[in-house]
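User: I am new to protein structures and would like to learn how to read one. Could you walk me through it step by step?

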Amino acid sequence: MKSKKKERVGRVISDKMDKTVVVCIERESLHPLYGKKVKKRKKVKAHDEENRCREQDWVRIVETRPLSKEKRWRVVEIISRGKK
């Protein structure tokens with residue numbers, strides 16, 4: 001049976017904390033009345049055990065048990081490295 005954990009792809013916007021990165025998840029949806037595409041962003045904190053992620057990296061994160069007050073996600077893989 002497939003895992004029911006949520007999986008998201010986003011860009012790392014901060015790696016200043018130890019073993020934690022802030023990931024910005026973007027999604028597009030249609031406005032209910034006007035039908036225009038609207039970008040929505042959400043920032044989440046994700047656990048990065050080996051401190052491998054850097055700013056501007058694209059990463060895949062997966063939902064996990066609560067690791068701290070705000071950390072509910074874990075970095076699974078780095079999809080591509082950012083420019084620096």
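This is a predicted model: local features need pLDDT of at least 70, side-chain atom pairs count only at pLDDT 80 or more; totals for chains, interfaces and linings use all residues.

User: How many helices and strands does the protein chain have?

Analyst: Helices (H or I, at least four residues) and strands (E, at least two) are DSSP runs, numbered from the N terminus. Here the protein chain has zero helices and five strands, giving the order β-β-β-β-β from the N terminus on. The C-alpha trace spans about 45 × 40 × 25 Å along its principal axes.

User: What share of the residues count as buried?

Analyst: Buried means under 20% relative accessible area, exposed means over 50%, and partly exposed is in between (1.4 Å probe, protein chains only). In this protein chain, 29% of the 84 residues count as buried. The areas come from the Shrake-Rupley method with a 1.4 Å probe, and for residues only the protein chains shown count as cover. The protein chain exposes about 6600 Å², with carbon and sulfur atoms supplying 49% of that area.

User: And how do I read contacts along the sequence?

Analyst: A contact means heavy atoms within 4.5 Å. If we take contacts between residues at least 6 apart in sequence, 51% of them join residues at least 24 apart.

User: How many positive and negative side chains are there?

Analyst: Lys and Arg count as positive and Asp and Glu as negative, while His and the chain ends are not counted. The protein chain has 28 positive and 13 negative side chains. Each charge is placed at NZ of Lys, CZ of Arg, CG of Asp or CD of Glu, and the centres of the two sets lie 6 Å apart.

User: Which residue forms a salt bridge with Glu-55?

Analyst: A salt bridge is a side-chain nitrogen of Lys or Arg within 4 Å of a carboxyl oxygen of Asp or Glu. A search of the whole structure finds ten of them. In one, Glu-55 pairs with Lys-16, with the closest N and O atoms 3.7 Å apart. This pair links distant parts of the chain, 39 residues apart: Glu-55 is in the loop between S3 and S4, and Lys-16 is in the loop between strand S1 (7–14) and strand S2 (20–30). Lys-16 counts as exposed, at 70% relative accessibility.

User: Are the partners Arg-81 and Asp-57 buried or exposed?

Analyst: One of each! Their side chains meet in a salt bridge of 2.7 Å, N to O. Arg-81 lies in the segment after strand S5 (71–80) and Asp-57 in the loop between S3 and S4, so the pair ties together parts that are 24 residues apart in sequence. Arg-81 counts as exposed at 52% relative accessibility, whereas Asp-57 counts as buried at 1%.

User: Which residues make up the largest nonpolar core?

Analyst: In soluble globular proteins, nonpolar side chains tend to be buried together. A nonpolar core is a set of buried Ala, Val, Leu, Ile, Met, Phe, Trp, Tyr and Cys residues joined through side-chain atoms within 4.5 Å. The largest one here has twelve residues: Val-12, Val-21, Val-23, Ile-25, Val-44, Ala-46, Cys-53, Val-59, Ile-61, Trp-73, Val-75 and Ile-78. S2, S3, S4 and S5 are the elements that give two or more residues to this core.

User: Where is Asn-51 found, and what is its phi?

Analyst: Phi is a backbone angle to look up residue by residue. Asn-51 is found in the loop between S3 and strand S4 (58–63), and has a positive phi of about 55° although it is not a glycine. Gln-56, in the loop between S3 and S4, has a positive phi of about 75° and is not a glycine either.

Definitions and conventions. Residues are numbered from 1 along each chain as its sequence is written. Side-chain values use heavy atoms; hydrogens and water are left out.
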